[in-house]
Amino acid sequence: MELAEAGGRARTVKRFTVSGPNSGPALPWDRFSAWLECICVVTFDLELGQAIELVYPHDVRLTEKEKTSICYLSFPDSYSGCLGDTQFSFRIRQTMGHKLSMNGDEEMYNRDAPVVLQRDRAHYYGFVYFRQVKDCTVKRGYFQKSLVLISRLPFVNLFHSLLQLIAPEYFEKLEPCLEAVCNEVDQWPSPLPGKTLSLPIMGVVIQVRIPSKKDKLGMSPLKQSNQENLLPAPLVIPTVHELDLFGCFQSILIHIQMLWELTLLGEPVIIMAVSPKISSDLVLALTSCIEPLRYCCDYRPYFTIHDAEFKEYTTRTQAPPNVILGVTNPFFIKTFQHWPHIIRIGDVKMSGIYTSYKTFLHKDKALIKRLLKGIQRKRSPEVQSVIVRRHFLELTQSFIIPLERYVASLMPLQRNVTAWKNPPQIHPFIKEEFMKTLEYAGPQLTSVQKGDWVGLYRRFFKSPNFDGWFRMRYQEMCKKLEILHLEVLCEADLLMWVQEKSEVEVVDLVLKLREKLIKARVHQLSLRADLLEKLELYLETVICSLPDDLQVMLQQH
(Lines give C-alpha, C1' and ligand atoms only; values in the text may rest on other atoms or scores of the structure.)
Protein backbone atom coordinates (compact mmCIF):
# COMPACT_ATOMS: atom_id res chain seq x y z
CA MET A 1 0.00 0.00 0.00
CA GLU A 2 1.15 3.53 -0.64
CA LEU A 3 -0.27 6.98 -0.04
CA ALA A 4 -0.79 9.53 -2.79
CA GLU A 5 -2.40 12.93 -3.10
CA ALA A 6 -5.84 12.86 -4.73
CA GLY A 7 -7.90 16.04 -4.70
CA GLY A 8 -5.71 17.33 -1.87
CA ARG A 9 -6.26 14.53 0.67
CA ALA A 10 -3.91 11.61 1.27
CA ARG A 11 -5.68 8.41 0.41
CA THR A 12 -4.87 4.77 -0.21
CA VAL A 13 -3.86 3.70 -3.70
CA LYS A 14 -4.59 0.03 -4.29
CA ARG A 15 -1.71 -1.79 -5.97
CA PHE A 16 -2.99 -4.44 -8.34
CA THR A 17 -1.09 -7.69 -8.70
CA VAL A 18 -1.80 -10.75 -10.77
CA SER A 19 -3.66 -12.20 -7.80
CA GLY A 20 -5.90 -9.12 -7.51
CA PRO A 21 -6.25 -5.81 -5.62
CA ASN A 22 -5.32 -5.32 -2.02
CA SER A 23 -8.38 -4.89 0.14
CA GLY A 24 -7.95 -3.56 3.61
CA PRO A 25 -10.18 -1.80 6.12
CA ALA A 26 -11.54 1.60 5.08
CA LEU A 27 -9.41 4.52 6.22
CA PRO A 28 -10.92 7.59 7.94
CA TRP A 29 -12.89 9.67 5.40
CA ASP A 30 -12.65 6.97 2.67
CA ARG A 31 -16.43 6.66 2.51
CA PHE A 32 -16.88 10.41 2.76
CA SER A 33 -14.53 10.94 -0.20
CA ALA A 34 -16.51 8.42 -2.28
CA TRP A 35 -19.21 11.14 -2.34
CA LEU A 36 -17.55 14.47 -1.52
CA GLU A 37 -14.07 15.98 -1.62
CA CYS A 38 -14.89 18.47 1.12
CA ILE A 39 -17.39 20.98 2.49
CA CYS A 40 -16.44 24.67 2.50
CA VAL A 41 -17.91 27.67 4.26
CA VAL A 42 -17.34 30.95 2.40
CA THR A 43 -18.05 34.27 4.09
CA PHE A 44 -17.64 37.97 3.25
CA ASP A 45 -14.75 39.74 4.99
CA LEU A 46 -14.74 43.56 4.92
CA GLU A 47 -10.97 43.64 4.32
CA LEU A 48 -10.47 40.52 2.21
CA GLY A 49 -13.77 40.22 0.37
CA GLN A 50 -14.90 36.62 -0.08
CA ALA A 51 -12.86 34.27 2.11
CA ILE A 52 -12.97 30.60 3.07
CA GLU A 53 -13.90 30.46 6.73
CA LEU A 54 -13.81 26.70 7.11
CA VAL A 55 -12.95 23.53 5.17
CA TYR A 56 -14.07 20.13 6.42
CA PRO A 57 -12.52 17.59 6.83
CA HIS A 58 -9.68 19.76 8.18
CA ASP A 59 -6.89 17.76 6.52
CA VAL A 60 -8.10 18.51 2.99
CA ARG A 61 -5.42 20.54 1.23
CA LEU A 62 -6.89 22.66 -1.53
CA THR A 63 -4.41 24.70 -3.57
CA GLU A 64 -4.52 28.50 -3.31
CA LYS A 65 -5.83 28.66 -6.88
CA GLU A 66 -8.67 26.26 -6.03
CA LYS A 67 -9.50 28.20 -2.86
CA THR A 68 -9.65 31.48 -4.79
CA SER A 69 -11.92 29.97 -7.44
CA ILE A 70 -14.25 28.49 -4.81
CA CYS A 71 -14.40 31.84 -2.97
CA TYR A 72 -15.45 33.89 -5.98
CA LEU A 73 -17.81 31.29 -7.43
CA SER A 74 -19.64 30.76 -4.13
CA PHE A 75 -21.17 34.26 -4.06
CA PRO A 76 -23.56 35.72 -6.65
CA ASP A 77 -22.39 38.84 -8.46
CA SER A 78 -23.56 41.99 -6.68
CA TYR A 79 -25.68 42.70 -9.79
CA SER A 80 -27.79 39.59 -9.13
CA GLY A 81 -29.36 41.09 -6.00
CA CYS A 82 -30.02 37.68 -4.45
CA LEU A 83 -31.75 38.26 -1.13
CA GLY A 84 -32.72 35.33 1.06
CA ASP A 85 -31.51 31.85 0.16
CA THR A 86 -30.38 30.79 -3.30
CA GLN A 87 -28.78 27.64 -4.71
CA PHE A 88 -26.61 27.21 -7.78
CA SER A 89 -23.71 25.18 -9.16
CA PHE A 90 -20.24 25.75 -10.58
CA ARG A 91 -17.39 23.70 -12.06
CA ILE A 92 -13.66 24.40 -11.83
CA ARG A 93 -10.49 22.84 -13.19
CA GLN A 94 -8.53 20.79 -10.74
CA THR A 95 -5.09 22.31 -10.30
CA MET A 96 -2.34 20.58 -12.24
CA GLY A 97 -0.14 18.47 -10.01
CA HIS A 98 -3.05 16.84 -8.21
CA LYS A 99 -3.24 13.13 -8.87
CA LEU A 100 -5.63 12.39 -11.75
CA SER A 101 -5.68 8.60 -11.42
CA MET A 102 -8.35 6.85 -9.37
CA ASN A 103 -8.39 3.99 -6.91
CA GLY A 104 -10.01 0.62 -7.57
CA ASP A 105 -13.47 1.50 -6.20
CA GLU A 106 -13.54 4.73 -8.22
CA GLU A 107 -12.49 2.88 -11.40
CA MET A 108 -15.24 0.32 -10.75
CA TYR A 109 -17.82 3.09 -10.33
CA ASN A 110 -16.77 4.70 -13.63
CA ARG A 111 -16.87 1.34 -15.37
CA ASP A 112 -20.51 0.75 -14.37
CA ALA A 113 -21.92 4.31 -14.40
CA PRO A 114 -23.37 6.05 -17.49
CA VAL A 115 -20.66 8.17 -19.17
CA VAL A 116 -22.49 11.39 -18.26
CA LEU A 117 -22.32 10.51 -14.54
CA GLN A 118 -18.75 9.26 -14.33
CA ARG A 119 -16.43 10.67 -11.70
CA ASP A 120 -14.55 13.64 -13.20
CA ARG A 121 -10.77 13.18 -13.16
CA ALA A 122 -9.87 16.79 -13.92
CA HIS A 123 -12.64 19.00 -12.48
CA TYR A 124 -14.47 19.70 -9.25
CA TYR A 125 -18.20 20.42 -9.11
CA GLY A 126 -19.35 22.97 -6.57
CA PHE A 127 -22.91 23.02 -5.17
CA VAL A 128 -23.71 26.26 -3.35
CA TYR A 129 -26.30 27.28 -0.77
CA PHE A 130 -25.97 31.07 -0.38
CA ARG A 131 -27.76 33.10 2.28
CA GLN A 132 -28.02 36.91 2.29
CA VAL A 133 -30.30 38.51 4.87
CA LYS A 134 -30.43 41.90 6.58
CA ASP A 135 -28.46 41.95 9.83
CA CYS A 136 -27.99 45.22 11.72
CA THR A 137 -25.23 43.65 13.85
CA VAL A 138 -22.95 43.40 10.79
CA LYS A 139 -21.14 46.51 9.44
CA ARG A 140 -22.34 45.99 5.86
CA GLY A 141 -25.88 45.52 7.16
CA TYR A 142 -26.17 42.02 5.69
CA PHE A 143 -25.34 38.49 6.76
CA GLN A 144 -23.67 36.84 3.71
CA LYS A 145 -22.44 33.27 3.79
CA SER A 146 -22.31 30.19 1.54
CA LEU A 147 -22.15 26.51 2.35
CA VAL A 148 -20.48 24.67 -0.54
CA LEU A 149 -20.23 20.95 -1.32
CA ILE A 150 -17.21 20.06 -3.49
CA SER A 151 -17.40 16.78 -5.39
CA ARG A 152 -16.22 15.00 -8.53
CA LEU A 153 -19.70 13.55 -9.03
CA PRO A 154 -22.26 15.58 -11.06
CA PHE A 155 -25.17 14.62 -8.78
CA VAL A 156 -26.78 18.06 -8.94
CA ASN A 157 -30.20 17.01 -7.57
CA LEU A 158 -28.87 14.88 -4.76
CA PHE A 159 -26.35 17.44 -3.52
CA HIS A 160 -28.75 20.39 -3.71
CA SER A 161 -31.33 18.33 -1.79
CA LEU A 162 -28.64 17.55 0.79
CA LEU A 163 -27.81 21.26 1.08
CA GLN A 164 -31.49 22.08 1.72
CA LEU A 165 -31.31 19.81 4.74
CA ILE A 166 -27.97 20.82 6.21
CA ALA A 167 -27.44 24.51 5.26
CA PRO A 168 -30.28 26.10 7.32
CA GLU A 169 -29.21 23.97 10.28
CA TYR A 170 -25.55 24.97 9.81
CA PHE A 171 -26.35 28.70 9.74
CA GLU A 172 -28.00 28.23 13.14
CA LYS A 173 -25.54 25.84 14.86
CA LEU A 174 -22.27 26.38 12.91
CA GLU A 175 -19.26 24.04 13.04
CA PRO A 176 -20.49 21.27 15.39
CA CYS A 177 -23.38 20.69 12.98
CA LEU A 178 -20.93 20.40 10.04
CA GLU A 179 -18.73 17.92 11.86
CA ALA A 180 -21.76 15.73 12.62
CA VAL A 181 -22.86 15.86 8.97
CA CYS A 182 -19.42 14.82 7.70
CA ASN A 183 -19.30 11.94 10.16
CA GLU A 184 -22.70 10.74 8.94
CA VAL A 185 -21.65 10.94 5.27
CA ASP A 186 -18.56 8.92 6.20
CA GLN A 187 -20.93 6.09 7.19
CA TRP A 188 -22.77 6.05 3.85
CA PRO A 189 -22.39 3.09 1.50
CA SER A 190 -20.38 3.80 -1.66
CA PRO A 191 -22.31 5.05 -4.73
CA LEU A 192 -22.94 1.78 -6.59
CA PRO A 193 -24.48 2.08 -10.08
CA GLY A 194 -27.76 0.20 -10.34
CA LYS A 195 -28.38 0.23 -6.57
CA THR A 196 -31.03 2.05 -4.53
CA LEU A 197 -29.32 3.44 -1.44
CA SER A 198 -30.56 4.72 1.91
CA LEU A 199 -28.43 7.63 3.13
CA PRO A 200 -29.13 8.78 6.72
CA ILE A 201 -28.47 12.46 7.44
CA MET A 202 -29.65 14.64 10.34
CA GLY A 203 -32.57 12.40 11.29
CA VAL A 204 -33.71 12.00 7.69
CA VAL A 205 -33.09 9.03 5.38
CA ILE A 206 -32.46 10.06 1.78
CA GLN A 207 -33.41 7.33 -0.66
CA VAL A 208 -31.78 7.54 -4.08
CA ARG A 209 -30.94 5.24 -6.98
CA ILE A 210 -27.56 5.53 -8.68
CA PRO A 211 -28.04 5.04 -12.46
CA SER A 212 -26.15 2.29 -14.29
CA LYS A 213 -24.93 2.14 -17.88
CA LYS A 214 -27.03 -1.06 -18.16
CA ASP A 215 -30.25 0.90 -17.49
CA LYS A 216 -32.77 1.11 -20.28
CA LEU A 217 -32.61 4.62 -21.74
CA GLY A 218 -35.55 6.80 -20.72
CA MET A 219 -36.07 4.69 -17.58
CA SER A 220 -38.60 6.07 -15.08
CA PRO A 221 -37.17 7.92 -12.07
CA LEU A 222 -37.24 6.42 -8.59
CA LYS A 223 -40.70 6.65 -7.00
CA GLN A 224 -41.83 6.49 -3.40
CA SER A 225 -41.90 2.81 -2.46
CA ASN A 226 -44.35 1.18 -0.08
CA GLN A 227 -42.42 1.97 3.06
CA GLU A 228 -45.04 3.82 5.08
CA ASN A 229 -44.04 1.71 8.09
CA LEU A 230 -40.52 3.20 8.02
CA LEU A 231 -40.04 5.97 10.57
CA PRO A 232 -38.98 8.48 9.59
CA ALA A 233 -40.40 8.09 6.08
CA PRO A 234 -37.52 8.33 3.57
CA LEU A 235 -36.94 11.45 1.51
CA VAL A 236 -37.01 10.02 -2.03
CA ILE A 237 -34.86 11.83 -4.59
CA PRO A 238 -36.36 10.63 -7.93
CA THR A 239 -33.14 11.23 -9.87
CA VAL A 240 -29.61 12.18 -8.82
CA HIS A 241 -28.98 14.49 -11.76
CA GLU A 242 -31.91 15.18 -14.11
CA LEU A 243 -33.05 18.81 -14.12
CA ASP A 244 -36.44 20.34 -14.91
CA LEU A 245 -35.66 20.66 -18.64
CA PHE A 246 -38.98 22.28 -19.47
CA GLY A 247 -38.49 24.95 -16.80
CA CYS A 248 -34.95 25.64 -18.04
CA PHE A 249 -35.99 26.01 -21.70
CA GLN A 250 -39.49 27.45 -21.33
CA SER A 251 -38.65 31.05 -22.28
CA ILE A 252 -36.65 29.94 -25.36
CA LEU A 253 -38.80 26.96 -26.30
CA ILE A 254 -39.06 27.77 -30.03
CA HIS A 255 -35.25 27.47 -30.31
CA ILE A 256 -35.07 24.01 -28.78
CA GLN A 257 -33.85 22.39 -32.02
CA MET A 258 -31.06 24.95 -32.38
CA LEU A 259 -29.97 24.48 -28.77
CA TRP A 260 -29.62 20.73 -29.32
CA GLU A 261 -27.50 21.25 -32.45
CA LEU A 262 -25.25 23.88 -30.85
CA THR A 263 -24.57 21.52 -27.94
CA LEU A 264 -24.04 18.47 -30.17
CA LEU A 265 -21.50 20.41 -32.27
CA GLY A 266 -19.67 21.84 -29.24
CA GLU A 267 -20.23 25.44 -30.36
CA PRO A 268 -19.06 28.34 -28.12
CA VAL A 269 -22.15 29.55 -26.21
CA ILE A 270 -22.62 32.31 -23.64
CA ILE A 271 -25.62 32.20 -21.26
CA MET A 272 -26.32 35.69 -19.89
CA ALA A 273 -28.72 35.30 -16.99
CA VAL A 274 -30.08 37.45 -14.15
CA SER A 275 -28.94 35.02 -11.44
CA PRO A 276 -26.39 32.23 -10.97
CA LYS A 277 -29.22 29.73 -10.42
CA ILE A 278 -30.73 30.44 -13.83
CA SER A 279 -27.33 30.43 -15.55
CA SER A 280 -26.11 27.22 -13.90
CA ASP A 281 -29.37 25.35 -14.47
CA LEU A 282 -29.44 26.26 -18.18
CA VAL A 283 -25.78 25.35 -18.75
CA LEU A 284 -26.32 21.95 -17.08
CA ALA A 285 -29.58 21.47 -19.04
CA LEU A 286 -27.74 22.14 -22.31
CA THR A 287 -24.95 19.66 -21.56
CA SER A 288 -27.58 17.02 -20.66
CA CYS A 289 -29.71 17.46 -23.79
CA ILE A 290 -27.40 15.25 -25.91
CA GLU A 291 -27.47 12.31 -23.47
CA PRO A 292 -26.54 9.47 -23.72
CA LEU A 293 -23.65 11.22 -25.51
CA ARG A 294 -21.19 12.85 -23.15
CA TYR A 295 -20.62 16.57 -23.67
CA CYS A 296 -16.83 16.52 -24.13
CA CYS A 297 -16.13 20.28 -24.26
CA ASP A 298 -15.57 22.52 -21.25
CA TYR A 299 -18.56 24.08 -19.51
CA ARG A 300 -18.91 26.47 -16.59
CA PRO A 301 -22.40 26.68 -15.04
CA TYR A 302 -21.36 29.96 -13.36
CA PHE A 303 -18.40 32.05 -14.50
CA THR A 304 -17.06 35.35 -13.09
CA ILE A 305 -14.40 37.92 -14.01
CA HIS A 306 -12.25 36.49 -11.20
CA ASP A 307 -12.16 33.03 -12.78
CA ALA A 308 -8.68 31.58 -13.40
CA GLU A 309 -9.60 31.04 -17.08
CA PHE A 310 -11.01 34.56 -17.57
CA LYS A 311 -8.16 35.73 -19.85
CA GLU A 312 -8.12 32.46 -21.75
CA TYR A 313 -11.84 32.67 -22.53
CA THR A 314 -12.10 36.40 -23.26
CA THR A 315 -9.14 36.87 -25.61
CA ARG A 316 -9.94 38.24 -29.07
CA THR A 317 -6.66 37.08 -30.63
CA GLN A 318 -8.18 33.68 -31.46
CA ALA A 319 -11.58 32.16 -32.11
CA PRO A 320 -13.78 31.60 -29.03
CA PRO A 321 -13.09 28.19 -27.45
CA ASN A 322 -15.53 25.25 -27.43
CA VAL A 323 -17.16 26.04 -24.12
CA ILE A 324 -20.55 26.91 -22.61
CA LEU A 325 -20.28 29.72 -20.06
CA GLY A 326 -22.99 30.89 -17.67
CA VAL A 327 -22.57 34.54 -16.56
CA THR A 328 -24.56 37.19 -14.70
CA ASN A 329 -22.27 40.26 -14.68
CA PRO A 330 -23.34 42.91 -17.27
CA PHE A 331 -19.60 43.48 -17.91
CA PHE A 332 -19.70 40.34 -20.05
CA ILE A 333 -22.20 41.85 -22.51
CA LYS A 334 -19.38 43.84 -24.09
CA THR A 335 -16.60 41.34 -23.36
CA PHE A 336 -18.35 38.50 -25.18
CA GLN A 337 -20.07 40.44 -27.94
CA HIS A 338 -17.81 38.76 -30.54
CA TRP A 339 -18.95 35.26 -29.51
CA PRO A 340 -21.08 33.54 -32.17
CA HIS A 341 -23.98 32.38 -29.93
CA ILE A 342 -25.38 34.41 -27.02
CA ILE A 343 -28.45 33.36 -25.02
CA ARG A 344 -30.04 35.98 -22.76
CA ILE A 345 -32.47 34.57 -20.25
CA GLY A 346 -34.42 35.66 -17.16
CA ASP A 347 -34.97 39.26 -18.31
CA VAL A 348 -38.39 39.40 -19.99
CA LYS A 349 -37.40 42.32 -22.24
CA MET A 350 -34.12 40.81 -23.43
CA SER A 351 -34.69 37.01 -23.43
CA GLY A 352 -33.65 35.36 -26.67
CA ILE A 353 -30.85 33.88 -28.74
CA TYR A 354 -28.48 36.12 -30.67
CA THR A 355 -26.80 34.10 -33.42
CA SER A 356 -26.43 33.81 -37.18
CA TYR A 357 -26.46 29.99 -36.95
CA LYS A 358 -28.77 28.18 -39.38
CA THR A 359 -29.98 24.79 -38.18
CA PHE A 360 -29.30 21.69 -40.26
CA LEU A 361 -32.59 20.07 -39.20
CA HIS A 362 -36.07 21.56 -39.45
CA LYS A 363 -37.95 22.66 -36.35
CA ASP A 364 -40.21 20.04 -34.83
CA LYS A 365 -43.38 22.12 -34.93
CA ALA A 366 -45.49 19.30 -33.52
CA LEU A 367 -43.30 19.24 -30.38
CA ILE A 368 -43.56 23.01 -29.85
CA LYS A 369 -47.32 22.86 -30.41
CA ARG A 370 -47.66 20.02 -27.90
CA LEU A 371 -45.66 21.85 -25.23
CA LEU A 372 -47.53 25.13 -25.74
CA LYS A 373 -50.84 23.28 -25.50
CA GLY A 374 -49.53 21.73 -22.27
CA ILE A 375 -48.97 25.24 -20.86
CA GLN A 376 -52.54 26.26 -21.79
CA ARG A 377 -53.95 23.13 -20.17
CA LYS A 378 -51.75 23.56 -17.08
CA ARG A 379 -50.01 20.24 -17.64
CA SER A 380 -47.58 19.51 -14.79
CA PRO A 381 -43.96 20.68 -15.26
CA GLU A 382 -42.81 17.09 -14.58
CA VAL A 383 -44.80 15.76 -17.54
CA GLN A 384 -43.64 18.64 -19.76
CA SER A 385 -40.03 17.85 -18.83
CA VAL A 386 -40.53 14.17 -19.66
CA ILE A 387 -41.76 15.20 -23.15
CA VAL A 388 -38.71 17.45 -23.69
CA ARG A 389 -36.27 14.82 -22.39
CA ARG A 390 -37.79 12.08 -24.55
CA HIS A 391 -37.57 14.34 -27.61
CA PHE A 392 -33.87 15.02 -27.01
CA LEU A 393 -33.18 11.35 -26.30
CA GLU A 394 -34.90 10.14 -29.48
CA LEU A 395 -33.13 12.82 -31.54
CA THR A 396 -29.71 11.93 -30.12
CA GLN A 397 -30.31 8.20 -30.54
CA SER A 398 -31.39 8.65 -34.16
CA PHE A 399 -28.18 10.60 -34.74
CA ILE A 400 -25.85 8.20 -32.93
CA ILE A 401 -27.26 4.78 -34.00
CA PRO A 402 -25.78 4.98 -37.55
CA LEU A 403 -22.40 5.89 -36.02
CA GLU A 404 -22.59 3.01 -33.53
CA ARG A 405 -23.54 0.60 -36.32
CA TYR A 406 -20.59 1.70 -38.48
CA VAL A 407 -18.11 1.55 -35.57
CA ALA A 408 -19.28 -2.00 -34.76
CA SER A 409 -18.26 -2.97 -38.32
CA LEU A 410 -14.67 -1.81 -37.61
CA MET A 411 -14.20 -4.58 -35.03
CA PRO A 412 -12.15 -7.56 -36.32
CA LEU A 413 -14.04 -10.84 -36.66
CA GLN A 414 -13.80 -13.15 -33.67
CA ARG A 415 -12.44 -15.99 -35.83
CA ASN A 416 -9.40 -13.83 -36.64
CA VAL A 417 -8.38 -13.69 -32.96
CA THR A 418 -5.86 -16.48 -32.36
CA ALA A 419 -3.85 -17.50 -29.32
CA TRP A 420 -0.34 -17.23 -30.71
CA LYS A 421 -0.57 -13.87 -32.41
CA ASN A 422 -1.25 -10.36 -31.14
CA PRO A 423 -4.93 -9.37 -31.51
CA PRO A 424 -5.72 -7.97 -35.00
CA GLN A 425 -5.96 -4.18 -35.48
CA ILE A 426 -9.27 -2.32 -35.33
CA HIS A 427 -10.13 -0.99 -38.79
CA PRO A 428 -9.83 2.82 -39.23
CA PHE A 429 -12.88 5.12 -39.14
CA ILE A 430 -13.18 6.45 -42.71
CA LYS A 431 -15.66 9.33 -42.75
CA GLU A 432 -16.61 9.04 -46.42
CA GLU A 433 -17.29 5.32 -46.01
CA PHE A 434 -19.59 6.14 -43.11
CA MET A 435 -21.39 8.78 -45.22
CA LYS A 436 -22.21 6.13 -47.83
CA THR A 437 -24.01 4.06 -45.18
CA LEU A 438 -26.46 6.92 -44.50
CA GLU A 439 -28.34 6.25 -47.76
CA TYR A 440 -29.67 2.91 -46.50
CA ALA A 441 -29.01 3.01 -42.71
CA GLY A 442 -29.27 6.66 -41.71
CA PRO A 443 -31.36 8.53 -39.12
CA GLN A 444 -34.41 8.36 -41.41
CA LEU A 445 -34.94 4.80 -40.15
CA THR A 446 -35.74 5.99 -36.62
CA SER A 447 -36.59 9.71 -36.89
CA VAL A 448 -39.28 11.71 -38.68
CA GLN A 449 -37.11 14.81 -38.42
CA LYS A 450 -36.29 16.25 -41.84
CA GLY A 451 -33.27 18.30 -42.86
CA ASP A 452 -29.60 18.08 -43.81
CA TRP A 453 -28.47 15.13 -41.67
CA VAL A 454 -25.36 14.65 -43.85
CA GLY A 455 -24.28 18.25 -43.25
CA LEU A 456 -24.85 17.82 -39.51
CA TYR A 457 -22.59 14.73 -39.46
CA ARG A 458 -19.84 16.54 -41.39
CA ARG A 459 -19.93 19.39 -38.88
CA PHE A 460 -20.04 16.93 -35.96
CA PHE A 461 -16.83 15.25 -37.18
CA LYS A 462 -14.99 18.55 -36.55
CA SER A 463 -16.22 18.84 -32.96
CA PRO A 464 -14.59 17.71 -29.68
CA ASN A 465 -17.75 15.70 -29.01
CA PHE A 466 -16.96 13.38 -31.94
CA ASP A 467 -13.33 13.02 -30.83
CA GLY A 468 -14.40 12.21 -27.27
CA TRP A 469 -17.09 9.75 -28.36
CA PHE A 470 -14.83 7.89 -30.82
CA ARG A 471 -11.91 7.76 -28.38
CA MET A 472 -14.20 6.14 -25.79
CA ARG A 473 -15.61 3.66 -28.33
CA TYR A 474 -12.10 2.80 -29.53
CA GLN A 475 -10.95 2.08 -25.97
CA GLU A 476 -14.00 -0.13 -25.42
CA MET A 477 -13.22 -2.10 -28.60
CA CYS A 478 -9.58 -2.52 -27.52
CA LYS A 479 -10.78 -3.94 -24.19
CA LYS A 480 -13.20 -6.26 -25.99
CA LEU A 481 -10.37 -7.50 -28.23
CA GLU A 482 -8.21 -8.05 -25.15
CA ILE A 483 -11.00 -10.10 -23.53
CA LEU A 484 -11.44 -12.20 -26.69
CA HIS A 485 -7.69 -12.82 -26.85
CA LEU A 486 -7.55 -13.90 -23.20
CA GLU A 487 -10.51 -16.23 -23.72
CA VAL A 488 -8.79 -17.83 -26.74
CA LEU A 489 -5.58 -18.21 -24.73
CA CYS A 490 -7.50 -19.96 -21.95
CA GLU A 491 -8.87 -22.49 -24.44
CA ALA A 492 -5.45 -23.11 -26.04
CA ASP A 493 -3.08 -25.90 -24.98
CA LEU A 494 -0.25 -23.77 -23.63
CA LEU A 495 1.68 -26.70 -22.20
CA MET A 496 1.81 -28.44 -25.57
CA TRP A 497 2.88 -25.19 -27.27
CA VAL A 498 5.79 -24.48 -24.90
CA GLN A 499 7.26 -27.96 -25.42
CA GLU A 500 8.15 -27.02 -28.98
CA LYS A 501 9.64 -23.59 -28.11
CA SER A 502 13.01 -22.35 -26.92
CA GLU A 503 13.48 -21.06 -23.35
CA VAL A 504 13.72 -17.50 -24.66
CA GLU A 505 10.32 -17.83 -26.39
CA VAL A 506 8.75 -19.39 -23.28
CA VAL A 507 10.07 -16.59 -21.01
CA ASP A 508 8.76 -14.04 -23.51
CA LEU A 509 5.32 -15.72 -23.42
CA VAL A 510 5.29 -15.74 -19.60
CA LEU A 511 6.13 -12.02 -19.41
CA LYS A 512 3.46 -11.13 -21.99
CA LEU A 513 0.81 -13.22 -20.26
CA ARG A 514 1.66 -11.66 -16.90
CA GLU A 515 1.26 -8.21 -18.40
CA LYS A 516 -2.11 -9.19 -19.88
CA LEU A 517 -3.32 -10.55 -16.55
CA ILE A 518 -2.26 -7.43 -14.67
CA LYS A 519 -4.02 -5.24 -17.26
CA ALA A 520 -7.15 -7.39 -16.96
CA ARG A 521 -7.14 -6.83 -13.18
CA VAL A 522 -6.32 -3.12 -13.33
CA HIS A 523 -8.92 -2.35 -16.01
CA GLN A 524 -11.36 -4.77 -14.40
CA LEU A 525 -12.14 -6.42 -17.72
CA SER A 526 -15.44 -8.30 -17.79
CA LEU A 527 -13.88 -11.77 -17.69
CA ARG A 528 -15.14 -14.78 -15.81
CA ALA A 529 -13.03 -15.25 -12.66
CA ASP A 530 -12.46 -18.93 -13.51
CA LEU A 531 -10.82 -17.95 -16.83
CA LEU A 532 -8.29 -15.71 -15.09
CA GLU A 533 -7.60 -18.41 -12.51
CA LYS A 534 -7.14 -20.98 -15.27
CA LEU A 535 -4.63 -18.74 -17.05
CA GLU A 536 -2.76 -18.06 -13.81
CA LEU A 537 -2.57 -21.82 -13.18
CA TYR A 538 -1.19 -22.32 -16.69
CA LEU A 539 1.41 -19.65 -16.01
CA GLU A 540 2.55 -21.28 -12.78
CA THR A 541 2.79 -24.66 -14.50
CA VAL A 542 4.83 -23.21 -17.39
CA ILE A 543 7.17 -21.40 -14.98
CA CYS A 544 7.71 -24.59 -12.96
CA SER A 545 8.76 -26.40 -16.15
CA LEU A 546 11.69 -23.99 -16.63
CA PRO A 547 15.20 -24.35 -15.17
CA ASP A 548 15.67 -23.06 -11.60
CA ASP A 549 17.63 -19.93 -12.60
CA LEU A 550 14.85 -18.82 -14.97
CA GLN A 551 12.21 -19.53 -12.32
CA VAL A 552 14.07 -17.28 -9.86
CA MET A 553 14.43 -14.56 -12.51
CA LEU A 554 10.69 -14.63 -13.32
CA GLN A 555 9.71 -14.57 -9.64
CA GLN A 556 11.87 -11.45 -9.15
CA HIS A 557 10.66 -9.75 -12.32
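This is a predicted model: local features need pLDDT of at least 70, side-chain atom pairs count only at pLDDT 80 or more; totals for chains, interfaces and linings use all residues.
Reader: How many bridges join strand 5 to strand 6, and do the two run parallel or antiparallel?

Author: Seven bridges join strand 5 (residues 38-45) to strand 6, and the two run antiparallel. Two strands count as a pair if DSSP finds at least two bridges between them. Residues are numbered from 1 along each chain as its sequence is written, and side-chain values use heavy atoms, with hydrogens and water left out.

Reader: Thanks! What makes strand 6 largely enclosed by the rest of the structure?

Author: Six of the eight residues of strand 6 (residues 49-56) are buried, so the strand is largely enclosed by the rest of the structure. Buried means under 20% relative accessible area, against over 50% for exposed and partly exposed in between (1.4 Å probe, protein chains only). Of the 557 residues of the protein, 52% count as buried.

Reader: And how many helices and strands does the protein have?

Author: There are 19 helices and 17 strands. These are DSSP runs (H or I, at least four residues, for helices; E, at least two, for strands), numbered from the N terminus.

Reader: Why is the pair of Tyr357 and Phe360 called edge-to-face?

Author: Rings of Phe, Tyr and Trp (its six-membered ring) pair if their centres lie within 6.5 Å; planes under 30 degrees apart count as stacked, over 60 as edge-to-face and the rest as tilted. By this rule there are 39 aromatic pairs. Tyr357 and Phe360 have ring centres 6.4 Å apart and planes at 65°, so their pair is edge-to-face. Tyr357 counts as buried because its relative accessibility is 8%, and Phe360 counts as buried because its value is 18%.

Reader: What are the values for the pair of Phe429 and Phe461?

Author: That pair is edge-to-face too, at 5.8 Å centre to centre and 75° between the planes. It links distant parts of the chain: Phe429 lies in the loop between helix 12 (381-408) and helix 13 (431-441), and Phe461 in the loop between helix 14 (453-460) and helix 15 (464-491), 32 residues apart. Both Phe429 and Phe461 are buried. They also belong to a cluster linked by ring pairs, among whose members are Trp260, Tyr457, Phe460 and Trp469.

Reader: Which residues of helix 14 are buried?

Author: They are Trp453, Gly455, Leu456, Tyr457 and Phe460. These buried residues pack against helix 7, helix 12, helix 13 and helix 15.

Reader: How do you know that the charged end of Arg119 sits over the ring of Tyr109?

Author: A charge sits over a ring if NZ of Lys or CZ of Arg is within 6 Å of the ring centre and within 35 degrees of the ring normal. The charged end of Arg119 is 5.6 Å from the centre of the Tyr109 ring and sits over it. Arg91 likewise lies over the face of Tyr299, at 4.0 Å from the ring centre.

Reader: Why does Gln94 count as buried?

Author: Gln94 counts as buried because its relative accessibility is 5%. Its place is in the loop between strand 7 (84-93) and helix 3 (104-112).

Reader: What makes strand 10 and strand 12 the edges of their sheet?

Author: The sheet is open, with three strands in the order 10-11-12 and mixed pairing. Strand 10 (196-201) and strand 12 (235-237) each have a single partner strand, so one side of each is left without a neighbour in the sheet. Strand 10 and strand 11 (residues 204-209) pair in the antiparallel sense over six bridges, with Ile201 partnered by Val204 of strand 11.

Definitions and conventions
Contact means heavy atoms within 4.5 Å.
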